[in-house]
Amino acid sequence: MDAAALVASLQQAVPDATFEPVPTVDLHPTVFVSRDHLVAVARVLRDAPDLQFAFLAEVTAADYWPREPRYEVVYVLVSLAHKHRLRMKVRLHGSDAHLATVSGIWPAANWLEREVWDLFGIVFDGHPDPRRLLMPEDWEGFPLRKDSPVQIRRPPHTTEPLQVTAEEFRTNVERDRLSREQL
Amino acid sequence: MPELRTETMTVNMGPQHPSTHGVLRLVLELDGEQILSASPTIGYLHTGIEKTAEQKKWQQVIPLVERMDYLSAQSNSTAFCLSVERLLGVELPERVKNIRILLAELQRINSHLVWLGTHGMEVGAVSVMLYCFRERELLLNINEMIAGFRLFPSYVRVGGLREDLPRGFHDAVRAFLERMPGKLDEYEDLLTKNEIYLKRTQGVGVISNDDAIAWGLLGPIARAAGVDYDVRKVFPYLGYETYDFAVPTQTAGDAYSRYKVRVAEMRESMKICRQALDRITPRGEYAIADPKITPPPKDRVYTEMEALIQHFLIYSQGFTVPVGEAYVPIEGPRGEQGFYVVSDGTNRPWRVKSRAPSLLACQALERLIVGGLIADVIAVIGSIDVVMGDVDR
(Lines give C-alpha, C1' and ligand atoms only; values in the text may rest on other atoms or scores of the structure.)
Protein backbone atom coordinates (compact mmCIF):
# COMPACT_ATOMS: atom_id res chain seq x y z
CA MET A 1 0.00 0.00 0.00
CA ASP A 2 1.50 3.35 -0.96
CA ALA A 3 1.35 6.50 1.10
CA ALA A 4 -1.50 8.11 -0.88
CA ALA A 5 -3.87 5.15 -0.49
CA LEU A 6 -2.97 4.91 3.17
CA VAL A 7 -3.62 8.58 3.84
CA ALA A 8 -6.95 8.39 2.01
CA SER A 9 -7.99 5.44 4.13
CA LEU A 10 -6.88 7.14 7.36
CA GLN A 11 -8.45 10.48 6.48
CA GLN A 12 -11.78 8.75 6.05
CA ALA A 13 -11.54 7.13 9.48
CA VAL A 14 -10.22 10.21 11.34
CA PRO A 15 -11.58 13.24 9.42
CA ASP A 16 -10.22 15.92 11.82
CA ALA A 17 -6.59 14.85 11.72
CA THR A 18 -4.06 16.20 9.24
CA PHE A 19 -1.80 13.80 7.37
CA GLU A 20 1.26 14.79 5.44
CA PRO A 21 2.90 12.05 3.36
CA VAL A 22 6.59 12.56 2.57
CA PRO A 23 8.77 10.71 0.02
CA THR A 24 11.03 7.93 1.31
CA VAL A 25 13.84 5.77 0.02
CA ASP A 26 13.08 2.54 1.91
CA LEU A 27 10.00 0.33 2.05
CA HIS A 28 8.24 2.49 4.61
CA PRO A 29 5.66 4.96 3.32
CA THR A 30 6.08 7.89 5.71
CA VAL A 31 3.28 10.03 7.08
CA PHE A 32 3.38 12.95 9.48
CA VAL A 33 0.43 12.92 11.87
CA SER A 34 -0.78 15.82 13.98
CA ARG A 35 -0.04 15.32 17.64
CA ASP A 36 -3.59 15.76 18.95
CA HIS A 37 -4.99 12.92 16.88
CA LEU A 38 -2.19 10.44 17.47
CA VAL A 39 -4.13 8.00 19.64
CA ALA A 40 -7.20 8.02 17.42
CA VAL A 41 -5.04 7.40 14.36
CA ALA A 42 -3.11 4.66 16.15
CA ARG A 43 -6.33 2.90 17.05
CA VAL A 44 -7.52 2.99 13.45
CA LEU A 45 -4.15 1.73 12.24
CA ARG A 46 -4.32 -1.24 14.54
CA ASP A 47 -7.99 -2.14 14.17
CA ALA A 48 -9.16 -1.17 10.67
CA PRO A 49 -9.52 -4.39 8.65
CA ASP A 50 -7.68 -3.00 5.62
CA LEU A 51 -4.71 -1.82 7.75
CA GLN A 52 -4.20 -4.13 10.78
CA PHE A 53 -0.85 -2.74 11.90
CA ALA A 54 -0.68 -5.09 14.88
CA PHE A 55 3.09 -5.00 15.32
CA LEU A 56 4.82 -1.87 16.58
CA ALA A 57 8.43 -2.43 15.64
CA GLU A 58 9.97 0.74 16.92
CA VAL A 59 9.35 4.00 18.75
CA THR A 60 12.20 6.43 18.59
CA ALA A 61 12.92 10.11 18.14
CA ALA A 62 15.38 12.35 16.39
CA ASP A 63 16.47 15.80 17.52
CA TYR A 64 16.97 18.38 14.74
CA TRP A 65 18.20 21.17 17.04
CA PRO A 66 18.50 24.12 16.43
CA ARG A 67 15.67 23.84 13.90
CA GLU A 68 12.10 24.22 15.21
CA PRO A 69 10.02 22.08 15.60
CA ARG A 70 13.11 20.27 16.77
CA TYR A 71 11.86 16.76 17.64
CA GLU A 72 10.41 14.08 15.43
CA VAL A 73 8.96 11.04 17.16
CA VAL A 74 9.02 8.03 14.85
CA TYR A 75 6.81 4.94 14.97
CA VAL A 76 7.60 1.98 12.72
CA LEU A 77 4.58 -0.25 12.17
CA VAL A 78 4.18 -3.59 10.46
CA SER A 79 0.99 -5.22 9.26
CA LEU A 80 1.45 -8.97 9.36
CA ALA A 81 -1.90 -9.64 7.70
CA HIS A 82 -1.28 -7.42 4.66
CA LYS A 83 2.52 -7.56 4.65
CA HIS A 84 3.17 -3.85 4.54
CA ARG A 85 5.02 -1.38 6.66
CA LEU A 86 4.54 2.21 7.69
CA ARG A 87 6.54 4.94 9.34
CA MET A 88 4.41 7.39 11.29
CA LYS A 89 6.00 10.57 12.56
CA VAL A 90 4.96 13.37 14.89
CA ARG A 91 6.63 16.79 15.01
CA LEU A 92 7.18 18.41 18.39
CA HIS A 93 8.40 21.87 19.43
CA GLY A 94 11.23 22.06 21.92
CA SER A 95 9.20 24.22 24.33
CA ASP A 96 6.20 21.89 24.19
CA ALA A 97 7.69 18.41 23.89
CA HIS A 98 4.91 16.12 24.97
CA LEU A 99 2.47 13.78 23.24
CA ALA A 100 0.03 11.04 24.17
CA THR A 101 1.25 7.55 24.90
CA VAL A 102 0.29 4.66 22.60
CA SER A 103 1.15 2.00 25.16
CA GLY A 104 -2.57 1.36 25.65
CA ILE A 105 -2.77 0.29 22.01
CA TRP A 106 0.54 -1.49 21.55
CA PRO A 107 1.91 -2.75 24.90
CA ALA A 108 5.38 -2.93 23.32
CA ALA A 109 5.46 0.89 23.34
CA ASN A 110 5.87 0.98 27.13
CA TRP A 111 9.64 0.60 27.36
CA LEU A 112 10.29 2.14 23.96
CA GLU A 113 8.56 5.35 25.09
CA ARG A 114 10.40 5.23 28.39
CA GLU A 115 13.64 5.10 26.45
CA VAL A 116 12.63 8.14 24.38
CA TRP A 117 11.75 10.05 27.57
CA ASP A 118 15.02 8.97 29.14
CA LEU A 119 17.27 10.02 26.27
CA PHE A 120 15.35 12.95 24.73
CA GLY A 121 13.15 14.28 27.53
CA ILE A 122 9.97 13.98 25.48
CA VAL A 123 7.03 13.46 27.84
CA PHE A 124 4.45 10.81 27.03
CA ASP A 125 1.17 11.91 28.64
CA GLY A 126 -0.65 9.11 30.42
CA HIS A 127 2.29 6.73 30.35
CA PRO A 128 1.78 3.99 32.98
CA ASP A 129 5.38 3.99 34.20
CA PRO A 130 7.16 7.26 33.38
CA ARG A 131 10.63 6.50 34.79
CA ARG A 132 14.07 6.57 33.25
CA LEU A 133 15.01 3.31 31.55
CA LEU A 134 18.69 3.26 30.65
CA MET A 135 20.28 6.21 32.46
CA PRO A 136 20.71 6.31 36.25
CA GLU A 137 17.64 7.54 38.13
CA ASP A 138 19.43 10.66 39.40
CA TRP A 139 20.81 11.66 36.01
CA GLU A 140 20.29 15.29 35.06
CA GLY A 141 19.64 16.17 31.44
CA PHE A 142 18.81 14.12 28.39
CA PRO A 143 21.89 12.72 26.65
CA LEU A 144 20.67 12.23 23.07
CA ARG A 145 19.58 15.86 22.68
CA LYS A 146 21.88 17.58 20.27
CA ASP A 147 22.63 20.38 22.75
CA SER A 148 23.70 17.84 25.37
CA PRO A 149 27.49 17.51 25.67
CA VAL A 150 29.21 14.35 24.50
CA GLN A 151 31.57 14.06 27.44
CA ILE A 152 30.95 15.22 31.00
CA ARG A 153 32.57 14.35 34.27
CA ARG A 154 30.59 14.18 37.46
CA PRO A 155 31.30 12.65 40.85
CA PRO A 156 29.68 9.24 41.41
CA HIS A 157 26.83 9.02 43.91
CA THR A 158 27.25 5.41 44.84
CA THR A 159 29.05 5.59 48.17
CA GLU A 160 26.54 7.48 50.33
CA PRO A 161 26.21 5.81 53.76
CA LEU A 162 22.93 4.32 54.88
CA GLN A 163 20.91 7.15 56.41
CA VAL A 164 19.73 5.65 59.72
CA THR A 165 20.32 7.34 63.08
CA ALA A 166 21.43 5.37 66.13
CA GLU A 167 17.99 5.88 67.64
CA GLU A 168 16.19 4.49 64.57
CA PHE A 169 18.57 1.56 64.46
CA ARG A 170 17.74 0.58 68.06
CA THR A 171 14.00 0.89 67.37
CA ASN A 172 14.29 -1.34 64.32
CA VAL A 173 16.15 -4.02 66.24
CA GLU A 174 13.58 -3.90 69.03
CA ARG A 175 10.69 -4.15 66.56
CA ASP A 176 12.25 -7.16 64.87
CA ARG A 177 12.73 -8.88 68.23
CA LEU A 178 9.09 -8.27 69.19
CA SER A 179 7.79 -9.61 65.92
CA ARG A 180 9.87 -12.74 66.33
CA GLU A 181 8.53 -13.26 69.83
CA GLN A 182 4.96 -12.96 68.51
CA LEU A 183 5.68 -15.94 66.29
CA MET B 1 -1.62 -20.86 69.64
CA PRO B 2 -0.65 -17.44 68.25
CA GLU B 3 -1.88 -16.45 64.82
CA LEU B 4 0.55 -17.38 62.06
CA ARG B 5 2.02 -14.35 60.33
CA THR B 6 2.79 -14.61 56.64
CA GLU B 7 4.52 -12.07 54.51
CA THR B 8 5.86 -11.85 51.01
CA MET B 9 9.56 -11.60 50.43
CA THR B 10 11.28 -9.25 48.03
CA VAL B 11 14.42 -10.65 46.48
CA ASN B 12 16.99 -9.05 44.25
CA MET B 13 18.07 -11.34 41.45
CA GLY B 14 21.13 -9.97 39.74
CA PRO B 15 22.67 -7.76 38.49
CA GLN B 16 25.58 -10.11 39.08
CA HIS B 17 23.62 -13.34 38.92
CA PRO B 18 25.42 -15.76 36.56
CA SER B 19 22.29 -16.81 34.72
CA THR B 20 21.02 -13.35 33.87
CA HIS B 21 23.22 -13.25 30.75
CA GLY B 22 25.12 -10.19 31.76
CA VAL B 23 23.73 -7.61 34.09
CA LEU B 24 19.97 -7.88 34.23
CA ARG B 25 18.52 -7.13 37.64
CA LEU B 26 15.14 -8.53 38.62
CA VAL B 27 13.31 -7.42 41.75
CA LEU B 28 11.08 -10.37 42.55
CA GLU B 29 8.27 -10.40 45.07
CA LEU B 30 7.85 -13.95 46.29
CA ASP B 31 5.16 -15.81 48.13
CA GLY B 32 7.10 -18.91 49.05
CA GLU B 33 8.28 -20.27 45.73
CA GLN B 34 5.72 -18.39 43.67
CA ILE B 35 6.41 -15.08 41.95
CA LEU B 36 3.85 -12.37 42.67
CA SER B 37 5.52 -9.54 40.78
CA ALA B 38 8.73 -8.93 38.93
CA SER B 39 10.31 -5.73 37.75
CA PRO B 40 13.35 -5.95 35.48
CA THR B 41 15.87 -3.14 35.91
CA ILE B 42 18.21 -2.54 33.01
CA GLY B 43 20.80 0.01 32.00
CA TYR B 44 23.90 -1.43 33.68
CA LEU B 45 25.56 -1.89 30.28
CA HIS B 46 24.38 1.40 28.79
CA THR B 47 27.40 2.76 26.95
CA GLY B 48 25.79 5.48 24.85
CA ILE B 49 26.75 3.91 21.54
CA GLU B 50 24.01 5.87 19.76
CA LYS B 51 25.44 9.15 21.02
CA THR B 52 28.99 8.10 20.19
CA ALA B 53 27.94 7.09 16.68
CA GLU B 54 26.80 10.67 16.00
CA GLN B 55 30.40 11.85 16.48
CA LYS B 56 31.93 9.27 14.13
CA LYS B 57 32.21 9.02 10.37
CA TRP B 58 29.91 6.53 8.68
CA GLN B 59 32.52 3.79 8.32
CA GLN B 60 33.67 4.26 11.91
CA VAL B 61 30.18 3.41 13.19
CA ILE B 62 30.46 -0.22 12.04
CA PRO B 63 32.74 -1.41 14.88
CA LEU B 64 30.42 0.36 17.33
CA VAL B 65 27.22 -1.29 16.13
CA GLU B 66 28.91 -4.69 16.06
CA ARG B 67 29.45 -4.35 19.79
CA MET B 68 25.79 -3.66 20.55
CA ASP B 69 24.52 -7.20 20.27
CA TYR B 70 27.81 -8.90 20.86
CA LEU B 71 26.60 -12.34 19.80
CA SER B 72 25.44 -11.26 16.35
CA ALA B 73 28.11 -8.85 15.19
CA GLN B 74 27.79 -9.57 11.48
CA SER B 75 24.00 -9.22 11.57
CA ASN B 76 24.37 -5.80 13.20
CA SER B 77 26.86 -4.53 10.66
CA THR B 78 24.83 -5.96 7.77
CA ALA B 79 21.70 -4.22 9.04
CA PHE B 80 23.53 -0.92 9.49
CA CYS B 81 25.20 -1.11 6.07
CA LEU B 82 21.91 -1.96 4.35
CA SER B 83 20.27 1.15 5.84
CA VAL B 84 23.18 3.39 4.81
CA GLU B 85 23.35 1.84 1.35
CA ARG B 86 19.64 2.49 0.93
CA LEU B 87 20.29 6.17 1.65
CA LEU B 88 23.24 6.18 -0.75
CA GLY B 89 21.11 4.45 -3.36
CA VAL B 90 23.78 1.95 -4.36
CA GLU B 91 23.10 -1.52 -5.74
CA LEU B 92 25.42 -4.26 -4.52
CA PRO B 93 27.05 -6.88 -6.76
CA GLU B 94 25.43 -10.32 -6.60
CA ARG B 95 28.54 -11.91 -5.10
CA VAL B 96 28.62 -9.44 -2.18
CA LYS B 97 24.98 -10.16 -1.40
CA ASN B 98 25.65 -13.90 -1.32
CA ILE B 99 28.69 -13.51 0.92
CA ARG B 100 26.70 -11.30 3.30
CA ILE B 101 23.95 -13.92 3.43
CA LEU B 102 26.49 -16.64 4.14
CA LEU B 103 28.08 -14.58 6.93
CA ALA B 104 24.71 -13.64 8.42
CA GLU B 105 23.59 -17.26 8.52
CA LEU B 106 26.88 -18.44 10.04
CA GLN B 107 26.39 -15.69 12.62
CA ARG B 108 22.90 -16.96 13.35
CA ILE B 109 24.25 -20.47 13.96
CA ASN B 110 26.98 -18.96 16.11
CA SER B 111 24.48 -17.00 18.21
CA HIS B 112 22.11 -19.95 18.57
CA LEU B 113 25.01 -22.17 19.65
CA VAL B 114 25.89 -19.78 22.47
CA TRP B 115 22.22 -19.62 23.38
CA LEU B 116 21.82 -23.40 23.38
CA GLY B 117 24.96 -23.87 25.42
CA THR B 118 24.16 -21.33 28.12
CA HIS B 119 20.47 -22.21 28.27
CA GLY B 120 21.29 -25.90 28.54
CA MET B 121 23.78 -25.25 31.29
CA GLU B 122 21.34 -23.14 33.28
CA VAL B 123 18.76 -25.90 33.38
CA GLY B 124 21.38 -28.44 34.34
CA ALA B 125 22.81 -29.88 31.12
CA VAL B 126 26.41 -28.72 31.49
CA SER B 127 27.85 -30.96 28.79
CA VAL B 128 25.72 -29.25 26.13
CA MET B 129 27.60 -26.04 26.78
CA LEU B 130 30.96 -27.67 26.23
CA TYR B 131 29.80 -29.26 22.98
CA CYS B 132 28.22 -26.05 21.64
CA PHE B 133 31.30 -23.98 22.37
CA ARG B 134 33.42 -26.60 20.63
CA GLU B 135 31.50 -26.05 17.37
CA ARG B 136 31.35 -22.30 17.89
CA GLU B 137 35.12 -22.29 17.94
CA LEU B 138 35.10 -23.34 14.28
CA LEU B 139 32.91 -20.37 13.41
CA LEU B 140 35.19 -18.01 15.31
CA ASN B 141 38.11 -19.48 13.37
CA ILE B 142 36.32 -18.62 10.14
CA ASN B 143 35.87 -15.06 11.41
CA GLU B 144 39.53 -14.92 12.26
CA MET B 145 40.34 -16.13 8.78
CA ILE B 146 38.35 -13.43 6.98
CA ALA B 147 39.17 -10.48 9.21
CA GLY B 148 41.72 -11.28 11.88
CA PHE B 149 39.08 -10.69 14.55
CA ARG B 150 37.10 -13.46 16.16
CA LEU B 151 34.08 -11.76 17.69
CA PHE B 152 33.76 -8.41 15.90
CA PRO B 153 35.24 -8.83 12.41
CA SER B 154 34.03 -5.45 10.95
CA TYR B 155 34.25 -7.27 7.65
CA VAL B 156 30.96 -6.01 6.25
CA ARG B 157 31.45 -2.42 5.12
CA VAL B 158 29.27 0.21 3.53
CA GLY B 159 29.40 -0.57 -0.18
CA GLY B 160 30.43 -4.19 0.16
CA LEU B 161 33.10 -5.98 2.14
CA ARG B 162 36.48 -4.93 3.43
CA GLU B 163 38.49 -7.23 1.19
CA ASP B 164 38.13 -10.39 -0.84
CA LEU B 165 37.64 -13.78 0.77
CA PRO B 166 40.88 -15.38 1.98
CA ARG B 167 42.35 -18.55 0.50
CA GLY B 168 40.85 -21.63 2.09
CA PHE B 169 37.58 -19.92 3.05
CA HIS B 170 35.42 -22.32 1.05
CA ASP B 171 37.16 -25.34 2.53
CA ALA B 172 36.77 -24.07 6.08
CA VAL B 173 33.05 -23.31 5.68
CA ARG B 174 32.44 -26.59 3.87
CA ALA B 175 34.20 -28.53 6.60
CA PHE B 176 32.03 -26.81 9.19
CA LEU B 177 28.84 -27.51 7.23
CA GLU B 178 29.78 -31.16 6.91
CA ARG B 179 30.52 -31.54 10.58
CA MET B 180 27.63 -29.55 12.01
CA PRO B 181 24.51 -31.68 11.18
CA GLY B 182 25.90 -34.66 13.09
CA LYS B 183 26.76 -32.44 16.02
CA LEU B 184 23.25 -30.95 16.05
CA ASP B 185 21.90 -34.51 16.29
CA GLU B 186 24.22 -34.98 19.21
CA TYR B 187 22.78 -31.94 21.05
CA GLU B 188 19.29 -33.11 20.30
CA ASP B 189 20.12 -36.53 21.70
CA LEU B 190 21.09 -34.80 24.91
CA LEU B 191 18.06 -32.53 25.23
CA THR B 192 15.04 -33.14 22.98
CA LYS B 193 13.79 -36.23 24.83
CA ASN B 194 15.61 -35.67 28.08
CA GLU B 195 13.08 -36.12 30.87
CA ILE B 196 14.66 -33.48 33.10
CA TYR B 197 14.92 -30.95 30.30
CA LEU B 198 11.31 -31.54 29.29
CA LYS B 199 10.14 -31.05 32.88
CA ARG B 200 12.11 -27.82 33.18
CA THR B 201 10.92 -26.28 29.91
CA GLN B 202 7.54 -27.64 28.82
CA GLY B 203 4.68 -25.32 29.77
CA VAL B 204 7.13 -22.79 31.20
CA GLY B 205 7.09 -19.14 30.16
CA VAL B 206 4.13 -19.53 27.82
CA ILE B 207 3.20 -16.61 25.58
CA SER B 208 0.29 -16.65 23.18
CA ASN B 209 0.32 -15.81 19.51
CA ASP B 210 -1.42 -12.42 19.91
CA ASP B 211 0.60 -11.42 22.95
CA ALA B 212 3.85 -12.11 21.16
CA ILE B 213 2.81 -9.71 18.38
CA ALA B 214 1.48 -7.06 20.77
CA TRP B 215 4.69 -7.12 22.82
CA GLY B 216 6.82 -6.88 19.69
CA LEU B 217 8.59 -10.20 20.12
CA LEU B 218 8.68 -11.12 16.44
CA GLY B 219 11.48 -13.61 15.94
CA PRO B 220 12.07 -17.09 17.34
CA ILE B 221 9.84 -16.31 20.35
CA ALA B 222 6.82 -15.49 18.18
CA ARG B 223 7.55 -18.35 15.79
CA ALA B 224 7.47 -20.71 18.78
CA ALA B 225 3.97 -19.37 19.47
CA GLY B 226 2.85 -19.96 15.89
CA VAL B 227 3.39 -16.54 14.27
CA ASP B 228 4.68 -17.39 10.81
CA TYR B 229 6.68 -14.20 10.31
CA ASP B 230 10.25 -14.07 9.12
CA VAL B 231 11.64 -10.88 7.58
CA ARG B 232 13.64 -13.00 5.15
CA LYS B 233 10.38 -14.32 3.69
CA VAL B 234 7.99 -11.42 4.13
CA PHE B 235 10.25 -8.45 3.28
CA PRO B 236 13.21 -10.13 1.53
CA TYR B 237 16.53 -8.33 1.43
CA LEU B 238 19.91 -9.25 -0.13
CA GLY B 239 18.15 -11.71 -2.43
CA TYR B 240 16.82 -14.13 0.19
CA GLU B 241 13.84 -14.72 -2.11
CA THR B 242 16.13 -16.75 -4.42
CA TYR B 243 17.08 -19.17 -1.63
CA ASP B 244 15.22 -22.31 -0.71
CA PHE B 245 14.57 -22.57 3.03
CA ALA B 246 11.67 -23.09 5.42
CA VAL B 247 10.57 -21.05 8.44
CA PRO B 248 10.17 -23.47 11.33
CA THR B 249 7.26 -22.76 13.68
CA GLN B 250 5.76 -24.36 16.77
CA THR B 251 2.46 -23.69 18.47
CA ALA B 252 2.90 -24.16 22.21
CA GLY B 253 4.78 -20.89 22.84
CA ASP B 254 6.69 -22.28 25.83
CA ALA B 255 10.42 -22.52 26.49
CA TYR B 256 10.58 -25.97 24.93
CA SER B 257 9.08 -24.86 21.62
CA ARG B 258 11.56 -21.97 21.51
CA TYR B 259 14.28 -24.58 21.81
CA LYS B 260 12.75 -26.61 18.99
CA VAL B 261 12.40 -23.54 16.77
CA ARG B 262 16.00 -22.44 17.27
CA VAL B 263 17.44 -25.89 16.62
CA ALA B 264 15.35 -26.18 13.45
CA GLU B 265 16.52 -22.69 12.45
CA MET B 266 20.11 -23.81 12.69
CA ARG B 267 19.37 -26.61 10.24
CA GLU B 268 17.67 -24.18 7.85
CA SER B 269 20.60 -21.78 8.16
CA MET B 270 22.95 -24.54 7.13
CA LYS B 271 20.77 -25.19 4.11
CA ILE B 272 21.07 -21.51 3.14
CA CYS B 273 24.83 -21.57 3.78
CA ARG B 274 25.29 -24.50 1.40
CA GLN B 275 23.35 -22.75 -1.36
CA ALA B 276 25.26 -19.52 -0.78
CA LEU B 277 28.62 -21.25 -0.78
CA ASP B 278 27.88 -22.84 -4.15
CA ARG B 279 27.07 -19.43 -5.64
CA ILE B 280 30.17 -17.64 -4.30
CA THR B 281 33.26 -17.82 -6.48
CA PRO B 282 36.57 -17.97 -4.58
CA ARG B 283 37.68 -14.68 -6.09
CA GLY B 284 35.70 -11.83 -7.57
CA GLU B 285 34.00 -8.54 -6.84
CA TYR B 286 33.86 -7.73 -3.15
CA ALA B 287 32.60 -4.13 -3.19
CA ILE B 288 30.92 -1.62 -5.45
CA ALA B 289 33.24 0.24 -7.80
CA ASP B 290 32.42 3.74 -6.54
CA PRO B 291 35.67 5.55 -5.71
CA LYS B 292 33.76 8.00 -3.49
CA ILE B 293 32.53 5.26 -1.14
CA THR B 294 34.93 2.31 -1.27
CA PRO B 295 38.72 2.69 -1.18
CA PRO B 296 40.62 1.63 -4.31
CA PRO B 297 42.69 -1.60 -4.24
CA LYS B 298 46.14 -1.28 -2.72
CA ASP B 299 48.12 -1.99 -5.89
CA ARG B 300 46.46 0.99 -7.56
CA VAL B 301 47.06 3.21 -4.52
CA TYR B 302 50.79 2.54 -4.81
CA THR B 303 50.99 3.19 -8.54
CA GLU B 304 48.36 5.81 -9.48
CA MET B 305 48.03 9.38 -8.26
CA GLU B 306 44.21 9.47 -8.50
CA ALA B 307 43.86 6.26 -6.52
CA LEU B 308 46.15 7.64 -3.83
CA ILE B 309 44.03 10.80 -3.58
CA GLN B 310 40.85 8.75 -3.31
CA HIS B 311 42.40 6.55 -0.68
CA PHE B 312 43.47 9.60 1.32
CA LEU B 313 40.06 11.28 1.03
CA ILE B 314 38.14 8.20 2.15
CA TYR B 315 40.33 7.54 5.15
CA SER B 316 40.56 11.19 6.27
CA GLN B 317 37.11 12.58 5.47
CA GLY B 318 34.97 9.54 4.77
CA PHE B 319 32.07 9.85 2.38
CA THR B 320 28.90 11.89 2.52
CA VAL B 321 25.43 10.39 2.55
CA PRO B 322 22.42 12.19 1.02
CA VAL B 323 19.89 13.80 3.37
CA GLY B 324 17.18 11.39 4.42
CA GLU B 325 16.22 8.55 6.70
CA ALA B 326 16.16 4.81 6.20
CA TYR B 327 15.29 1.70 8.18
CA VAL B 328 15.92 -1.64 6.49
CA PRO B 329 14.70 -4.54 8.62
CA ILE B 330 16.59 -7.82 8.61
CA GLU B 331 16.02 -11.10 10.44
CA GLY B 332 18.65 -11.20 13.15
CA PRO B 333 19.21 -14.21 15.39
CA ARG B 334 16.84 -12.67 17.96
CA GLY B 335 14.14 -11.36 15.64
CA GLU B 336 13.49 -8.34 13.52
CA GLN B 337 16.51 -6.12 13.70
CA GLY B 338 17.43 -2.93 11.92
CA PHE B 339 18.95 0.50 12.16
CA TYR B 340 16.96 3.70 11.83
CA VAL B 341 19.54 5.97 10.27
CA VAL B 342 19.15 9.70 9.65
CA SER B 343 21.62 11.65 7.56
CA ASP B 344 21.96 15.43 7.29
CA GLY B 345 24.09 15.19 4.17
CA THR B 346 27.48 15.24 5.90
CA ASN B 347 30.10 12.58 6.51
CA ARG B 348 28.73 11.77 9.98
CA PRO B 349 25.36 10.24 10.88
CA TRP B 350 22.80 12.59 12.44
CA ARG B 351 21.03 9.79 14.29
CA VAL B 352 21.57 6.06 14.56
CA LYS B 353 18.97 3.99 16.38
CA SER B 354 19.14 0.25 16.72
CA ARG B 355 15.94 -1.73 16.88
CA ALA B 356 16.86 -4.07 19.70
CA PRO B 357 14.85 -7.31 19.85
CA SER B 358 16.37 -8.12 23.24
CA LEU B 359 14.94 -4.94 24.77
CA LEU B 360 11.41 -6.03 23.91
CA ALA B 361 12.08 -9.59 25.09
CA CYS B 362 13.28 -8.14 28.37
CA GLN B 363 10.16 -6.01 28.63
CA ALA B 364 7.93 -9.04 28.19
CA LEU B 365 9.92 -11.04 30.74
CA GLU B 366 7.71 -9.84 33.60
CA ARG B 367 4.66 -11.20 31.83
CA LEU B 368 6.33 -14.56 31.27
CA ILE B 369 7.48 -15.24 34.81
CA VAL B 370 4.76 -13.79 37.09
CA GLY B 371 2.66 -16.59 38.52
CA GLY B 372 5.38 -19.15 37.92
CA LEU B 373 7.98 -20.60 40.24
CA ILE B 374 11.30 -19.00 41.03
CA ALA B 375 13.23 -21.92 39.56
CA ASP B 376 11.51 -21.32 36.22
CA VAL B 377 12.82 -17.75 36.01
CA ILE B 378 16.20 -19.10 34.96
CA ALA B 379 14.70 -21.33 32.28
CA VAL B 380 12.60 -18.43 30.94
CA ILE B 381 15.43 -15.88 30.84
CA GLY B 382 17.49 -18.46 29.00
CA SER B 383 14.74 -19.31 26.55
CA ILE B 384 14.03 -15.72 25.44
CA ASP B 385 17.72 -15.26 24.64
CA VAL B 386 18.35 -11.72 25.87
CA VAL B 387 21.75 -10.19 25.24
CA MET B 388 22.25 -7.35 27.65
CA GLY B 389 24.54 -5.49 25.27
CA ASP B 390 21.60 -5.27 22.91
CA VAL B 391 19.15 -4.29 25.65
CA ASP B 392 21.23 -1.40 26.99
CA ARG B 393 23.32 -0.40 23.97
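1. Domain bounds here come from an automatic or database domain assignment. On that basis, chain B splits into domain 1 (50-89 + 92-287 + 322-348) and domain 2 (289-318), with C-alpha centres 32 Å apart. Their contact takes 9 residues from domain 1 of chain B and 5 residues from domain 2 of chain B, where contact means C-beta atoms, placed from the backbone, within 7 Å.

2. A word on conventions: this is a predicted model, in which local features need pLDDT of at least 70 and side-chain atom pairs count only at pLDDT 80 or more, while totals for chains, interfaces and linings use all residues. Residues are numbered from 1 along each chain as its sequence is written, with chains lettered from A and ligands numbered from 1 in the order in which they are written.

3. Between the chains, 34 residues of chain B meet 28 residues of chain A. Elements giving two or more residues on the chain B side include α3 (73-88) and α14 (357-369) of chain B; helices (H or I, at least four residues) and strands (E, at least two) are DSSP runs, numbered from the N terminus.

4. Chain A has an open sheet of 5 strands, ordered β1-β2-β5-β4-β3, with mixed pairing; two strands pair if DSSP finds at least two bridges between them. β1 (19-22) and β3 (55-63) of chain A are at the edges with a single partner strand each, so one side of each has no neighbour in the sheet.

5. Looking at one pair, β3(A) and β4 (residues 71-79) of chain A run antiparallel, joined by 8 bridges. Within β4(A), Y75(A) is the bridge partner of V59(A).

Notes:
Two residues are in contact if their C-beta atoms, placed from the backbone, lie within 7 Å.
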